[in-house]
Amino acid sequence: MKYHYRLFLLTLALVWLLTGAFIAWQWAQEKHYKAAVLNARLQLNNERVLDSYTPGDSLPDEIYRLNLPTPGLRVTVVDTTGRVLFDNTPGPLPSANHLDRPEIAQALATGAGFDKRRSATTDSVYFYSATARGPLVARSAAHYDPSLSEMLAADQTLLWFMIGITVLVSVLGYIAMRQHRMTLAHAQDTRRVKRQLTLSINHELKTPVAATKLCLETLQQHPGLSEEQRNNLVDKALKQTDRLTALLADVATLNRLDDDNSSIECTNVSLAKVVRKAAQEYTGEQYIPIRLHLDNDMVISGNEALLLMIVRNLLSNANAYSEGTIIDIRLNRVPATGVPRLIVADNGRGVASEHLDRIFERFYRVDKGRSRAKGGTGLGLAIVKNAAAFHSGTVTASATVPSGLTVSITLPGRG
């Protein structure tokens, strides 16, 4: 089990343990409070008994009516020796000495006492409350039937409220843990990608730097070269320098999209206008004709420079590597959602199916030697993918029927 799961389960166990302890404490406190309230009412009744009691006489009827959920009230009067002087239960007075009754003993010691127990006289459970005054002790007893038990029970509202809160906290904690885990995983993936990118950049820089150095060393070490040879070496060095400049520019664009794209300015952009502008600027050593099929009503919130880069890179990739005879650019909407969609398709040699899912990776090349010979940086399609993601879009590549490559990009626009 991973560390963050163990930490979450430990924290969750502590939360539930603390909640359980608090509920148990609060439960006991509430039951004690309700018992104290009932005892206070019976204590007041005992005071009335002591005020009203006269040996040999009965007590007023209101003594037995205390507005309790249990019917009737047992009232007993004993003296300080424990002898029963009065009891309202039918039959003869109890003969047993009552000094050993907990509530009686407590009342004689402190003035008042209460207890819940089974009566030895009636064999029923009662809640007893006793009050001592002078030579007498008055005791009121409420029959502990289900109605009184319910009255003295703790309110379950707090119990369910605390359980509900704890469940909610547990769920929120789990969600937070998963979010934290995803954030950590994303951060780790970002660091891994950056390490791979750094290694790839170092590898890619070696070729143009080494080629430029070789040309310059040749010029330095062979001053007697002909004008044509010197110009040829200078042209090669310039081409490698251009390739190096393009590579650094592409890396800077990717870093900008990865690290802080919130600073990239967005405006309302016409996609048809962007495609036409990119098509007009389009040039190449082997220029492949372009056919446009554009919906002119598509305007999204986005960055025009990045949208232009998407179209330029797709056109440059098709022109450099497809070996086709036509490039079709379509601008329409996804039928199911109405989201704007850009499709760039050629009828060239295409890409093998095992490469389709990877051609948008950084520095991934289907034919490494051929790509470097064409001067590619290996980042063009990666920029397309990241720029589309900046506009909340997705990129897919598929084979064109009967031959060629089709790249489809959804462009909902910047949220």
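Which residue in S2 is the bridge partner of Val 77? In this predicted model, the bridge partner of Val 77 in strand S2 is Phe 86.

- Strand S1 covers residues 74-79, and because 6 of its 6 residues are buried, the strand is largely enclosed by the rest of the structure.
- The burial applies to both faces of S1, with Arg 74, Thr 76 and Val 78 on one side, and Val 75, Val 77 and Asp 79 on the other.
- On the way to strand S5 (residues 136-143), S1 is joined by 6 bridges, and the two strands run antiparallel; in this pairing, Asp 79 has Leu 136 of S5 as its bridge partner.
- Strand S2 (residues 84-87) also runs antiparallel to S1, and 3 bridges join the two.
- S1 and S2 form a hairpin with 4 residues between them, and Gly 82, which lies in the turn, has a positive phi of about 95°.

**The largest nonpolar core**

- The largest nonpolar core holds 40 residues, of which Ile 310, Leu 342 and Ile 409 touch the most other members.
- At least two residues of this core come from each of several elements, including helix H6 (271-281), strand S9 (327-333), strand S10 (340-346) and helix H10 (380-390).
- Helix H7 gives the largest share of this core, namely 8 residues.
- Leaving aside residues up to four places away in sequence, Ile 409 touches a set of residues that includes Ile 310, Leu 314, Leu 342, Val 384 and Val 395.

**Aromatic rings and charges over rings**

- The structure holds 4 aromatic pairs, and one of them is the tilted pair of Phe 22 and Trp 25, with 6.3 Å from centre to centre and 35° between the planes.
- Phe 22 and Trp 25 are separated by about one helical turn, because they are 3 residues apart in helix H1 (residues 3-52).
- With a relative accessibility of 35%, Phe 22 counts as partly exposed.
- Tyr 53 and Phe 86 also form a tilted pair, with 6.3 Å from centre to centre and 55° between the planes.
- This second pair links distant parts of the chain, since Tyr 53 is in the loop between H1 and S1 while Phe 86 is in strand S2, 33 residues apart; both Tyr 53 and Phe 86 are buried.
- Two charged residues lie over ring faces: Lys 116 is over the face of Tyr 144, at 4.6 Å from the ring centre, and Arg 117 is over the face of Tyr 128, at 4.2 Å from the ring centre.

**Cysteines**

- The count of disulfides comes to 0.
- Cys 215 counts as buried, because its relative accessibility is 7%, whereas Cys 266, with a relative accessible area of 28%, is partly exposed.

**Backbone features in loops**

- A cis peptide bond, with omega of about 5°, joins Val 401 and Pro 402, and Pro 402 has its place in the loop between S11 and S12.
- Glu 323, a residue other than glycine, has a positive phi near 60°; Glu 323 lies in the loop between H7 and S9 and counts as exposed, at 52% relative accessibility.
- Ser 392 is not a glycine either, although its phi is positive at about 60°; Ser 392 is found in the loop between H10 and S11 and is partly exposed, with a relative accessible area of 41%.

Key: Residues numbered from 1 in each chain as written. Predicted model: local features only at pLDDT ≥ 70, side-chain atom pairs only at ≥ 80, totals over all residues. Heavy atoms only, no water. Buried < 20%, exposed > 50% of the residue type's maximum accessible area, 1.4 Å probe, protein only. Pairing = 2+ DSSP bridges. Disulfide = S-S within 2.5 Å. Core = buried A, V, L, I, M, F, W, Y, C linked by side-chain atoms within 4.5 Å. Contact = heavy atoms within 4.5 Å. Phe/Tyr/Trp six-rings, centres within 6.5 Å; stacked < 30°, edge-to-face > 60°. Lys NZ or Arg CZ within 6 Å of the ring centre and 35° of its normal.
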